[in-house]
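Biologist: Can you take me through this one? I'd like to start with the charged pairs.

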Amino acid sequence: MDGTRPYGAYPPGSETEQVGIMTSTVTILYFAALREQIGRESQVATLPAGGMTVTALLAQLGQQDPRVAGAFAAEPRLRVAINQTLGGLEQIVRPGDEVAVFPPMTGG
């Protein structure tokens, strides 16, 4: 035996197993009024291996937490940035990405 293990063969909770899990997740950051309405500044969500659209991700988050659903309903024109670049709602989010969600900004 060469000492390597197939993926998933590590003890539950081990550092090696956690690294494997991390690759299928995405970090969501909430800003401005969304952060206040949701009650947290970030969360981690699991994605399928091929990723999903921002719209599908937001829908998934809303289904999992009524505070998130309420905040998204109160701000129907959400803006998103994926890996610190403004993006659209139909853009694909992939495991390992960082998605920032915020309401439209106004200023002068």
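Modeller: Start with D65, which forms a salt bridge with R40, the closest N and O atoms being 3.1 Å apart. A salt bridge here is a side-chain nitrogen of Lys or Arg within 4 Å of a carboxyl oxygen of Asp or Glu. Keep in mind that this is a predicted model: local features need pLDDT of at least 70, side-chain atom pairs count only at pLDDT 80 or more, and totals for chains, interfaces and linings use all residues. Residues are numbered from 1 along each chain as its sequence is written, and side-chain values use heavy atoms, with hydrogens and water left out.

Biologist: Which parts does the D65 and R40 pair tie together?

Modeller: D65 lies in the loop between α3 (54-64) and α4 (66-74), and R40 in the loop between α2 (32-38) and β2 (42-46), so the pair ties together parts that are 25 residues apart in sequence. Helices (H or I, at least four residues) and strands (E, at least two) are DSSP runs, numbered from the N terminus.

Biologist: Is D65 buried or exposed?

Modeller: D65 counts as buried, at 11% relative accessibility. Buried means under 20% relative accessible area, exposed over 50%, partly exposed in between (1.4 Å probe, protein chains only). R40 is partly exposed, at 23%.

Biologist: What else meets D65 in a salt bridge?

Modeller: R67 does, at 3.2 Å, N to O. R67 is partly exposed, with a relative accessible area of 43%. Shared partners join R40, D65 and R67 into one network of salt bridges.

Biologist: How many salt bridges are in the whole structure?

Modeller: The search finds three. One of them pairs E41 with R35, the closest N and O atoms being 3.8 Å apart. R35 is partly exposed, at 32% relative accessibility.

Biologist: New topic. Where is confidence lowest, and where highest?

Modeller: It is lowest in helix α1 (residues 15-22), at a mean pLDDT of 44, and highest in strand β7 (residues 98-102), at 97. Over residues 1-22 the pLDDT is below 50, and this stretch has nine contacts in the model beyond near neighbours in sequence. pLDDT is the predictor's confidence in each residue, from 0 to 100, and contact means heavy atoms within 4.5 Å. Where pLDDT is low, the predicted coordinates should not be read in detail.

Biologist: What does I82 touch?

Modeller: Leaving out residues up to four places away in sequence, I82 touches V54, Q91, V93, D97, E98 and V99. I82 lies in strand β4 (residues 79-82) and is buried, with a relative accessible area of 6%.
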